[in-house]
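Let's take a walk through this structure together, from its ring pairs to its pockets. Have the sequence at hand as you read.

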Amino acid sequence: MFGWFYTCIFVSSFKIIAMSNSMGGFIDMLPEDCVSAILSFTSPTDTFRSSMVSSTFHSAAESDVVWETFLPADYKDVLSRVVTPLAFTTKKELFLCLCSPVLIDGGKKSFKLEKLSGKISYMLSARELSITWGNDPMQWSWKSIPQSRFPEVAELRTTSWLEIRGKINTQILSPITTYGVYLIMKISNRAYGLDSIPSEMLVEVGNKVCNGVTYLRHKDGKKQQMECLFYRNRTEVLRKRVIEGTERIPSEREDGWMEIELGEFFSGEAYEEVKMSLMEVKGYQLKGGLIIEGIDVRPIDS
């Protein structure tokens with residue numbers, strides 16, 4: 001316990017010294033192995049910055065000893081599951097490769113490391129989710145589109161029962177980290193019936209539940225707003241069936257998709273299953289035009 005305490009104090013002091021140009025002579029006197037060992041207790045951000053301090057730091061910051069500590073403990077297992085093998089010669093190169101999404105498990109998931117913190121993100125493809133009636137070609141279709149990282153996405157043709165569920169275990173995530181869960185989607189121009197009443201969202205870990213509601217609308221929302229106006233009385237009755245929760249609004253992503261936050265959870269040191277869902281099963285009206293790419297699980301405090 002005390003060894004760890006003194007190590008933390010030393011590393012903190014070392015980072016301050018490393019950022020001070022006036023201590024350059026002292027830094028250059030330290031053995032490179034010593035500098036590498038100390039950097040391994042910091043973060044990718046600190047290591048990137050430290051590499052600019054001196055030639056000793058630059059060399060130490062390239063060490064495999066440093067960058068292996070920033071890779072997840074199961075990185076070899078992840079590499080064995082990648083769809084396209086990665087090209088790298090050093091652990092730093094591997095870390096940087098994993099900072100861009102890589103497809104794993106036959107293209108049903110993607111894996112990514114946050115560059116500044118090294119924390120883990122996963123995205124579950126639509127094929128990895130449980131979609132009610134997802135195998136009924138009258139209600140859902142599966143197709144490949146160039147805008148998606150995955151081989152297939154799911155497009156809702158028509159259904160009165162919208163239910164999308166996913167799950168992930170905290171064992172494969174970064175510990176002591178707050179995660180956000182996001183449904184990645186598009187809403188086609190011919191969409192209908194998606195926002196007659198709110199969809200209910202849920203993220204559940206053990207006895208901790210985070211719920212909310214959302215209206216699945218196209219970014220201009222004009223067509224859906226006209227539908228809501230026309231069916232106003234019926235809509236008001238249906239809304240009373242929906243659980244209360246924080247209303248969340250879909251937002252545009254840089255990759256051209258939209259995302260809606262389903263909720264958040266804390267990944268602790270214990271291994272727990274995280275359940276997530278989006279449902280609209282109380283209105284019984286037909287709806288269509290929703291395109292699902294997957295569910296993104298990524299650190300909030302990275």
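Phe111 and Tyr122 are both buried, a word used here for under 20% relative accessible area, with exposed meaning over 50% and partly exposed in between (1.4 Å probe, protein chains only). The model is a predicted one, in which local features need pLDDT of at least 70, side-chain atom pairs count only at pLDDT 80 or more, and totals for chains, interfaces and linings use all residues. Residues are numbered from 1 along each chain as its sequence is written, and side-chain values use heavy atoms, leaving out hydrogens and water.

Let's turn to the aromatic rings. The structure has four aromatic pairs; rings of Phe, Tyr and Trp (its six-membered ring) pair if their centres lie within 6.5 Å, and planes under 30 degrees apart count as stacked, over 60 as edge-to-face and the rest as tilted. In one of them, Trp67 and Phe95 are tilted, with 5.1 Å from centre to centre and 50° between the planes. This pair links distant parts of the chain, since Trp67 sits in helix α6 (residues 64-70) and Phe95 in helix α8 (residues 91-97), 28 residues apart. Helices (H or I, at least four residues) and strands (E, at least two) are DSSP runs, numbered from the N terminus. Trp67 counts as buried because its relative accessibility is 0%, and Phe95 counts as buried because its relative accessibility is 0%.

Next, look for the open spaces. The largest pocket has a volume of about 500 Å³. Of its 21 lining residues, the closest to the centre are Thr69, Leu71, Gly118, Ser174 and Pro175. A pocket is an open set of points on a 1 Å grid over the protein atoms alone, where a 1.4 Å probe fits, with protein on both sides within 12 Å along at least five of seven lines; lining residues have an atom within 4 Å of a point. Grid points are joined across faces, edges and corners, and a volume is the space filled by probe spheres set on the points.
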